[in-house]
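Me: I would like to learn how to read a structure one feature at a time. Please give the general idea, then the case here.

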Amino acid sequence: MTLSMNTPDFLIERNRERCINCQVCVRQCANEAHGWDAEEEKIFSQDALCVNCHRCVTMCPTHSLSIRKFPLEFRENANWTASTMKAIYKQAETGGILLTGMGTDRPYPVYWDQLLLNASQVTNPSIDPLREPMELKTFLGRKPEQLRVINGKLAEALPPQLELDLPIMFSAMSFGSISLNVAKSLAQAAETLGTFYNTGEGGLHEDLYKYGKNTIVQVASGRFGVHSEYLNAGAAIEIKIGQGAKPGIGGHLPGEKVGVEVSRTRMIPEQSDAISPAPHHDIYSIEDLTQLIFSLKEATNYEKPVIVKIAAVHNVSAIASGIARAGADIIAIDGFRGGTGAAPLRTRDSVGIPIELALAAVDSRLREEGIRNQVSLVVGGSIRNSTDIIKAIALGADAVYVASSALLALGCHMCQKCYTGKCNWGIATQRPELVKRLNPEIGAERATNLLKAWEHEVKEILGGMGINAIESLCGNRLMLRGIGLSDRELNILGVLAAGE
Amino acid sequence: MLREGDVRIPSGCAISGIINRSGQVFSGEDILQSIALMHDRSNGLGGGFAAYGIYPEYEDYYAFHLYYEGAEGREQTESYLNYFFHVAESGEIPTKKTRSIKNPPLAWRYFVRPKPSYLLEEENEDEFVVRSVMYINAECKGAFVVSSGKNMGAFKGVGYPEDIGEYFCLDKYHGYSWTAHGRFPTNTPGWWGGAHPFTLLDWSIVHNGEISSYGANRRFLEMYGYKLSMQTDTEAITYAFDYLVRKQQLPMDVAIATLAAPFWRDIERMNSEKRALLKAVRAMYGNLLMNGPFSIILGSSQGLIALNDRLKLRSMVAATKGEFLYLASEESAIREVCPQPEKVWAPRGGEPVIATLEKRGVQGYDTEYEYAGLSY
Ligand code: SF4
Ligand code: SF4
């Protein structure tokens with residue numbers, strides 16, 4: 001073996017005065033960055049193995065640990081940055097594709113942060129959410145062209161709708177990429193909150209069937225775990241065409257994460273890599289999508305709305321319009337900052353477009369064609385807080401999908417190593433000793449707390465705008481102003497500049 | 001300075017309405033007196049009236065009221081009207097020199113019916129008229145259609161409402177129902193077309209308030225071909241009613257329940273049929289919910305409907321005496337013309353006051369509104 005040119009990314013610092021040699025860190029670090037030297041009777045650390053997940057730091061009873069960026073610096077070079085060079089050393093060593101986890105960490109513009117919200121002053125009053133009802137109920141599903149009322153009664157019921165108590169859902173994360181305890185936490189939270197979680201492409205574990213009415217079951221190109229009982233178990237079906245973090249390629253589940261349970265749920269052999277094909281092999285064109293949508297509707301007796309999820313790519317508005325016409329009830333768009341359990345680094349960091357621009361373009365396009373009211377629009381791909389949600393809805397979304405934020409609520413520290421299966425927080429792992437670190441009851445409570453907190457904030461800000469029902473915000477771009485954006489960007493977003 | 005339509009101007013207002021439900025006509029003096037009492041709620045930058053039943057001799061003709069800023073627009077408009085319509089009568093709208101009225105535009109009226117050969121397939125006369133109104137407003141230079149309904153007309157301009165009324169000699173007209181509007185815009189380009197009421201066919205709306213959902217309402221309506229050239233709430237409300245009642249053919253009370261939707265907590269308490277209906281209405285037309293303060297009086301050849309936002313963030317009082325129903329932003333404006341009403345009340349938020357003409361139908365043309373009986 002030749003010499004490795006890779007140097008550590010992080011430096012583990014231990015305050016020896018505080019350390020009591022309890023070895024908690026040794027037991028906590030699945031990356032084995034900490035070890036116990038029995039001869040010397042002392043803990044040692046290997047910086048190169050650390051991924052900076054803060055597990056040991058959080059668990060250390062005497063707070064003796066801290067992790068820093070490894071201080072080694074290359075000669076300054078704006079073009080050949082440290083990460084660019086290290087990637088080359090790594091690929092020269094392995095000859096492989098670079099893998100990563102979670103959403104892109106590159107400094108692309110975050111348009112949410114360049115949009116400002118409005119509030120009422122004098123000419124109309126703001127509304128106090130503590131004293132007046134503030135309504136966030138949202139319906140997702142196809143709307144007919146006309147409601148028919150005969151003799152004071154609704155003549156035909158609406159097509160099946162998802163009824164959300166708040167316009168936030170947990171987006172797709174497969175059992176396999178995440179642990180069963182994460183799925184349990186989110187399912188329970190969705191039930192408590194009156195919203196939905198999404199199975200992702202990994203099938204539905206038998207323990208989760210009881211959350212059916214709060215479940216969206218996904219059908220992806222690998223068709224893992226898809227059977228008729230599964231399709232009928234949820235409240236809606238989502239066809240996954242693409243994912244924001246890796247548009248154009250299918251899901252990746254490394255064999256290390258495929259244990260007995262995952263193998264049974266996905267209906268694949270244990271320890272085998274579960275690599276979904278890049279396209280659905282029965283969808284090579286838009287008319288094929290119509291067929292899949294209607295086969296799924298047939299299989300479920302037309303009782304469930306069908307969502308089609310796509311990644312935000314350059315031509316997203318034309319694609320979305322095609323999907324609406326193909327018969328989808330709900331269109332979900334995932335922006336390129338969205339997370340993933342495993343993706344090729346180069347794809348994650350360079351393919352796709354930001355969700356803000358994609359959403360604005362799609363909403364405008366569907367309105368130009370007069371079909372926006374017929375389909376619902378859900379967006380995801382890095383919704384980080386309550387104002388991101390308000391801005392998304394004002395741009396034109398009916399509801400948002402969150403995943404990374406939900407995982408952060410459960411303890412994720414964004415180390416981006418989900419693909420290794422060694423998540424120290426018990427999230428992106430299948431190792432029993434790690435999985436049990438996340439208690440699903442506590443997980444459910446934390447996820448519920450997060451969305452409740454956001455719900456409060458959304459209500460507060462809506463009230464400030466003088467609005468007391470979320471549908472009055474939907475597509476209301478007059479509530480937004482852009483700051484530090486070019487005319488072209490303002491145009492695409494369909495918002496005025498601050499001060500206009 | 002940009003003029004109304006190029007910029008959105010929030011404003012506060014006074015409104016007032018009087019109807020004789022048996023269809024007896026009475027002169028414009030009462031409505032003038034009523035709105036004049038609320039002088040302080042306007043600031044002289046806009047006032048106007050809608051009057052129903054004033055043109056009985058031409059009740060089968062669409063009465064087009066037009067304002068022109070110059071000769072060119074008039075030529076364009078008249079050649080359009082002469083080409084596509086049969087014009088029974090036309091002439092200048094009589095006015096009287098009034099001291100405080102400055103720079104009025106030329107005001108003309110035409111009694112017209114579309115020539116049937118120009119209707120598109122499956123298009124009725126109403127739809128053709130709507131299309132023509134949008135065309136004239138957008139294409140004819142300096143021309144603006146003030147109203148276009150049958151046996152009704154709108155009179156409006158820049159000034160206090162009582163001065164506008166005097167200028168147009170409203171005391172000489174006799175109608176069975178009248179509405180009035182005095183405006184307090186936060187700034188104004190002083191354009192006569194920008195004053196209220198806003199009208200379309202025989203709909204007219206006077207409105208007090210500023211709706212926070214305007215952006216959502218507007219983008220929804222634009223999807224169905226409405227051009228919101230004035231950028232006002234009133235225009236959005238008018239089109240919303242037109243869309244729901246005329247295009248979607250919903251009963252009037254269902255349309256009202258869309259604009260001032262009941263709260264979910266109240267819907268949950270309704271019987272299952274009503275709950276299913278209102279759930280569907282909110283899921284389907286949620287974008288037309290009018291959020292934020294408003295009180296409106298909706299006039300049509302069917303009668304008057306008054307409505308408050310669902311939180312009742314704007315004042316509105318109603319009163320009756322005999323066949324008369326009075327509506328106004330302030331009770332004093334009612335007592336000014338009807339000192340001893342039989343009944344006076346403040347309608348609750350979201351709860352409409354509906355005064356339907358007993359002899360309706362003669363004026364209405366494809367616009368006989370139904371009610372689903374939602375039991376308000
Ligand atoms: S990988 Fe995590 S647990 Fe292990 S040493 Fe680094 S920070 Fe601590
Ligand atoms: S889920 Fe786990 S492995 Fe993935 S980024 Fe979060 S902490 Fe790291």
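Reply: Start with A:Asn21, which is found in the loop between strand 1 (10–14) and helix 1 (24–28) of chain A. Helices (H or I, at least four residues) and strands (E, at least two) are DSSP runs numbered from the N terminus. The model is predicted: local features need pLDDT of at least 70, side-chain atom pairs count only at pLDDT 80 or more, and totals for chains, interfaces and linings use all residues. Residues are numbered from 1 along each chain as its sequence is written, chains are lettered from A and ligands numbered from 1 in the order in which they are written, and side-chain values use heavy atoms, with hydrogens and water left out.

Me: What is the phi of A:Asn21?

Reply: Most residues other than glycine have a negative phi. Phi of A:Asn21 is near 55 degrees, a positive value.

Me: Which residue in the loop between strand 7 (143–147) and strand 8 (152–157) of chain B can I look at next?

Reply: B:Asn151 lies in that loop. B:Asn151 is not a glycine, yet has a positive phi of about 50 degrees. B:Asn151 counts as buried because its relative accessibility is 5%.

Me: Which residues does a cis peptide bond join in chain B?

Reply: Most peptide bonds are trans. Here a cis bond joins B:His196 and B:Pro197, with omega about 10 degrees. B:Pro197 is in the loop between strand 10 (177–185) and strand 11 (198–200) of chain B.

Me: How do I read the packing of helix 7 of chain A and helix 8 of chain A?

Reply: Begin with the axes, which are lines fitted to C-alpha atoms, for helices over the stretch in contact; angles run from 0 to 180 degrees between N-to-C directions. Helix 7 (residues 286–299) and helix 8 (residues 316–326) of chain A pack at an angle of about 45 degrees, and their axes are 9 Å apart. Angles under 35 degrees count as roughly parallel, over 145 as roughly antiparallel, 65 to 115 as roughly perpendicular and the rest as oblique. The two helices of chain A are therefore oblique to each other.

Me: Which residues of helix 7 and helix 8 of chain A make the contact?

Reply: Contact means heavy atoms within 4.5 Å. Helix 7 of chain A supplies A:Ile286, A:Leu289, A:Thr290, A:Ile293 and A:Phe294, and helix 8 of chain A supplies A:Gly322, A:Ile323 and A:Ala326. By class, the residues of this contact are six nonpolar, two polar and no charged. Ala, Val, Leu, Ile, Met, Phe, Trp, Tyr, Cys and Pro count as nonpolar, Asp, Glu, Lys and Arg as charged, and the others, Gly among them, as polar.

Me: At what angle do helix 7 and helix 9 of chain B cross?

Reply: Helix 7 (residues 252–259) and helix 9 (residues 272–285) of chain B cross at roughly 60 degrees, and their axes come within 10 Å. These helices of chain B are therefore oblique to each other. The contact is made by B:Val254, B:Ala257 and B:Thr258 of helix 7 of chain B and by B:Leu277, B:Leu278, B:Val281 and B:Tyr285 of helix 9 of chain B. Its residues comprise six nonpolar, one polar and no charged.

Me: Where is A:Val217, and what does A:Val217 touch?

Reply: A:Val217 is in strand 13 (residues 215–219) of chain A. With a relative accessible area of 0%, A:Val217 is buried. Not counting residues up to four places away in sequence, A:Val217 touches A:Thr199, A:Tyr230, A:Leu231, A:Gly234, A:Ala236, A:Ile237 and A:Glu238.

Me: Which residues come nearest to ligand 1?

Reply: A residue is near a molecule or strand if one of its heavy atoms lies within 4 Å of it. Of the 14 residues around ligand 1, A:Cys29, A:His34, A:Cys50, A:Cys53 and A:Cys56 come nearest. The shell around ligand 1 has eight nonpolar, five polar and one charged.

Me: Which residues surround ligand 2?

Reply: Among them are A:Met102, A:Cys412, A:His413, A:Cys415, A:Cys418 and A:Cys423. The shell around ligand 2 divides into nine nonpolar, two polar and one charged residues.

Notes. Buried < 20%, exposed > 50% of the residue type's maximum accessible area, 1.4 Å probe, protein only.
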